[in-house]
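Open your viewer and settle in for a short tour.

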Amino acid sequence: MKKSLSVVLLLLFTLNLQADDVTGEKVFAKKVKRICGIKGGEVSKKYNAKEWTYIYNSGHLNSTLKEICPGIKPIKHEHLFHLYQFFFKYAKGSNKKPTC
């Protein structure tokens, strides 16, 4: 019983981690792209993954987005991690391209 519960929790946790960048892409499309008209790849490629990590960990993700797109409102705290995951996945140096 405990083993099956552990497997289910691990599976849910893993699925949730994989969905963060997908959620981030949706947040980007709704909150940034709609207002600024800039594509996700253009924003994510402004910095490499290490730089995005520093920006997120230092609490400057909203201010960085404001520099890129002055017209946006601050992103809610609960969405910042998802956006960070999106920017990290498609950062400069990665060969991946987002769909938005």
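Before selecting anything, keep one cut-off in mind: an angle over 145 degrees between axes counts as roughly antiparallel. Keep in mind, too, that this is a predicted model.

**Stop one: two helices.** Select residues 49–57, which form helix α3, and residues 77–89, which form helix α5. Their axes lie 9 Å apart and meet at an angle of about 165°. With an angle over 145 degrees counting as roughly antiparallel, α3 and α5 are therefore roughly antiparallel to each other. Their crossing is right-handed.

Now show the side chains where the two helices touch. On α3, pick Ala 49, Trp 52, Thr 53 and Tyr 56. On α5, pick Leu 80, Phe 81, Tyr 84, Phe 87 and Phe 88. What kinds of residue make up the contact of α3 with α5: nonpolar, polar or charged? Eight are nonpolar, one is polar and none is charged.

**Stop two: one histidine.** Stay on helix α5 and select His 82. Is His 82 buried or exposed? His 82 has a relative accessibility of 18%, so it counts as buried. Next, display Asp 20, Asp 21, Thr 23 and Gly 24: these are the contacts of His 82 once neighbours within four places in sequence are set aside.

**Stop three: the whole chain.** Zoom out and colour by secondary structure. You will find five helices and zero strands. Of the 100 residues, 30% count as buried.

Conventions: Residues are numbered from 1 along each chain as its sequence is written. This is a predicted model: local features need pLDDT of at least 70, side-chain atom pairs count only at pLDDT 80 or more; totals for chains, interfaces and linings use all residues. Side-chain values use heavy atoms; hydrogens and water are left out. Axes are lines fitted to C-alpha atoms, for helices over the stretch in contact, and angles run from 0 to 180 degrees between N-to-C directions. Helices (H or I, at least four residues) and strands (E, at least two) are DSSP runs, numbered from the N terminus. Angles under 35 degrees count as roughly parallel, over 145 as roughly antiparallel, 65 to 115 as roughly perpendicular and the rest as oblique. A crossing is left-handed if the near helix is turned anticlockwise from the far one by less than a right angle, and right-handed if clockwise. Contact means heavy atoms within 4.5 Å. Ala, Val, Leu, Ile, Met, Phe, Trp, Tyr, Cys and Pro count as nonpolar, Asp, Glu, Lys and Arg as charged, and the others, Gly among them, as polar. Buried means under 20% relative accessible area, exposed over 50%, partly exposed in between (1.4 Å probe, protein chains only).
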